[in-house]
Amino acid sequence: MAKEECITQWNKTGDTSTLRNRKIFPTSEKTPSTPLSKDKSSLSEDDTQSSNGTSAEWSARGVVSNEPPSRGLLMLVVGLSFSTRLYKITEPPHVCWDETHFGKMGSYYINRTFFFDVHPPLGKMLIGLAGYMTGYDGTFPFIKPGDKYEHHNYWGMRGFCAVLGSFLPIFAYLIVLELSQSHTAALITATLLIFDTGCITISQYILLDPILMFFIMAAVLSMVKFNQQRYRPFTASWWLWLVLTGVNLAGALGVKFVGLFVVLLVGLNTVWDLWRILGDLSLSMVEITKHFLARVVGLILLPLLLYITIFAVHFVVLNKSGPGDGFFSSAFQSRLIGNNLHNASMPEYLAYGSTITVKNLRIAGGYLHSHWHLYPEGVGAKQQQVTAYLHKDYNNLWLVHRHGDNESQSGTPDLVRHGDIIRLEHKETTRNLHSHLHEAPLTKKHFQVTGYGINGTGDTNDQWQVEVCGGRKGDLVKVLRSKVRFRHRATGCVLYSSGKTLPKWGWEQVEVTCSPYLKETPSSQWNIEDHINPKLPNISLSVLKPHFLEILLESHIVMIRGNSGLKPKDHEMNSKPWHWPINYQGLRFSGVNDTEYRVYLLGNPVVWWTNLASLGLYIIMVAVASIALQRGFSLGQKRIGHSLVLMGKGGLLLLGWLLHYIPFYTMGRVLYYHHYFPAMLFSSMLTGTKSTAFCLKAPLLLCINCNAFSVSFYLFHPLSYGMTGPLAHEPGSAMAGLKWMDSWEF
């Protein structure tokens, strides 16, 4: 009999998908709009129409009805969150860690100077806007960590990030309250984040992380609120939370590409929601189609439009030439004021005797480049290095010569044509572009490319045949517009930019090889960008400016390749994903020795280890609850309700943690400790939600948790707010006895 009661209770929640016990829900047209009863035992309309049809039942049965009012608790969370994040916001008054990057990029926006970054632009735009609105003039250089800000107004950018970081515990409180209907669980969650030294530290500096996490948590909160409106479809509040979910998804993706993880979380939740709607036999196919189209508009088209708008604003604001030009194509650069290609004019066709730069058509393929340095011993022939360089530089200049002839010093020069044999002489070093059968430094199946000879003299390995892609013999080479290949006469290979980064002996520039594989690819195709020849008439290049969609696509290809190229460098600290949940090692934000102001990014160990233990305990509890329900054990209505919260709502948070954590195991790029913080938010919310299973001891549980987290915060707070004097292992240190793991470096 007990088993039948449990199965009946399970079916009442509407979570079953079996057709026989399917619950038929009222449509929006049938939703009652009668005033609420004056009876104290009556339920509010919101309660009766909760996300899975069970909250009202649990409230009526006394599970959450004895919770205290939430307004006072919410105000407490708001006060503690803002005070812990804004405290000592101007300390230290110098550049800390990645402020050197993102502060500088904020300055670029204020100065409208184009730059390249591997992340989408929204976060940097908001940082620049915050600085501009608070009086920062964009003149501080942000050269290296430790540089003093002096008279420059930096507090606005830090304060903006801290304010967004202050919303994280607030959002977490509201999310867990919606999911669990327990103020105790929500307050435990907020306490975890309020007193976490890691969350405080990462929120107090000019970084993308607090902005990213703000949009992630706002998207999750909006999604949960939208789920709670599912039995009031197409009402104003239903549309509000749907639209806000889409807006915040665009925000998360517009800050960093890891925002895709929360997009995936919302997408999976939406698929499940639509599957539930499809099983609602009271809805017609027209109504189901309306639900589907509403979600397409709110969760796909709206975020996509906003995301594209972010880039449109980015391109309009950054209209001046800057350090990022060389990562992009010649056509892209022609739109930047101050670039040598902007409103420029140059000879239309390549000619002998011209000084040129040659740019690879692979995105971020670089300019053909050489310098005085030689290949090291054991790397092919010990001749002059030839590389691809991503920035404009004097060492990118080459002279075009007809093989075996000296160009006429007077008269109109001859034009280079498809099929011609040429020699390219490096202008600075006078070495010829050269290849031979030695293997390339990194791409072993390709041949090495070097600089060889002196003052134009060399050998037959300096001869290259010009091929215009899609052209015929005799076709002219158009500057900027012709795709050109250079085929080595002696070996038959083609000049190639591999995209691989050379070691330090190659100045971490891009490897150039001669590929024996003749298939036409962007890596083996080049265009003539700069073209200087005073003997030829010039034409305007304004016709080459690309359309918006072209530069949008190109910018994404460059960002993706830039991300994949972030490999660990020699002796560079590279954190491992398994380090993160156990709080194995932090990050130095500022200072090293006892005379410096030291800030160390490290999570509150009591908070992080509680979250880690809760993950394991959650899996055990769900397994036990599932077996108990399946076997029909008498748990009582209250326990059944909490078990369903644990399995359903806790499962959503566990999925969020997995989506924001597991993908890092597959990434080949360099990883850092701070990459775990979005996942840490989900594990903290899961810890709070899990506490609903202990609701009978809620006051005691809340007291124990708050005391433990606050005491540990008091012990470890110098990591966040800064410390000077002796190091942790020295007597008299503020952190004496607190270096619980040898891998901690404070």
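Predicted model: local features only at pLDDT ≥ 70, side-chain atom pairs only at ≥ 80, totals over all residues.
1. Cavities. A search of the whole structure returns 6 cavities of 30 Å³ or more.

2. Composition of the lining. By class, the residues around the second largest cavity divide into 9 nonpolar, 3 polar and 2 charged. Two helices, α13 (285–317) and α15 (548–564), each contribute at least two residues to this lining. The greatest contribution comes from α13, with 3 residues.

3. Packing of α13 and α15. The two helices that supply the cavity lining in this way also pack against each other: their axes come within 11 Å and cross at roughly 95°. Helix α13 is therefore roughly perpendicular to α15, since angles of 65 to 115 degrees fall in that category. On the α13 side the contact is made by Tyr307, Ile308, Phe311, Ala312 and Phe315, and on the α15 side by Phe548, Ile551, Leu552, Ser555, His556 and Met559. By class, this contact has 9 nonpolar and 2 polar residues, with no charged residues.

4. Cis peptide bond. The bond from Glu91 to Pro92 is modelled as cis, with omega near -10°. Pro92 is located in the loop that joins α4 (70–86) and α5 (99–111).

5. Positive phi at Phe142. This residue is not a glycine, yet Phe142 has a positive phi of about 50°. Phe142 belongs to the loop between α6 (122–133) and α7 (155–180). With a relative accessible area of 1%, Phe142 counts as buried, because the cut-off for that class is under 20%.

6. Positive phi at Phe234. A positive phi, of about 65°, is also found at Phe234, which again is not a glycine. The loop between α10 (209–228) and α11 (236–255) holds Phe234. Is Phe234 buried or partly exposed? The relative accessible area of Phe234 is 25%, so the residue is partly exposed. Phe142, by contrast, is buried.

Definitions and conventions. Residues numbered from 1 in each chain as written. Heavy atoms only, no water. 1 Å grid on protein atoms, 1.4 Å probe; cavity = no way out; pocket = protein on both sides within 12 Å on 5 of 7 lines; lining within 4 Å. Points joined across faces, edges and corners; volume = space filled by probe spheres on them. Helix = DSSP H or I, 4+ residues; strand = E, 2+ residues; numbered from the N terminus. Nonpolar A, V, L, I, M, F, W, Y, C, P; charged D, E, K, R; others polar. Buried < 20%, exposed > 50% of the residue type's maximum accessible area, 1.4 Å probe, protein only. Axes fitted to C-alpha atoms, helices over the stretch in contact; angles between N-to-C directions. Parallel < 35°, antiparallel > 145°, perpendicular 65-115°, else oblique. Contact = heavy atoms within 4.5 Å.
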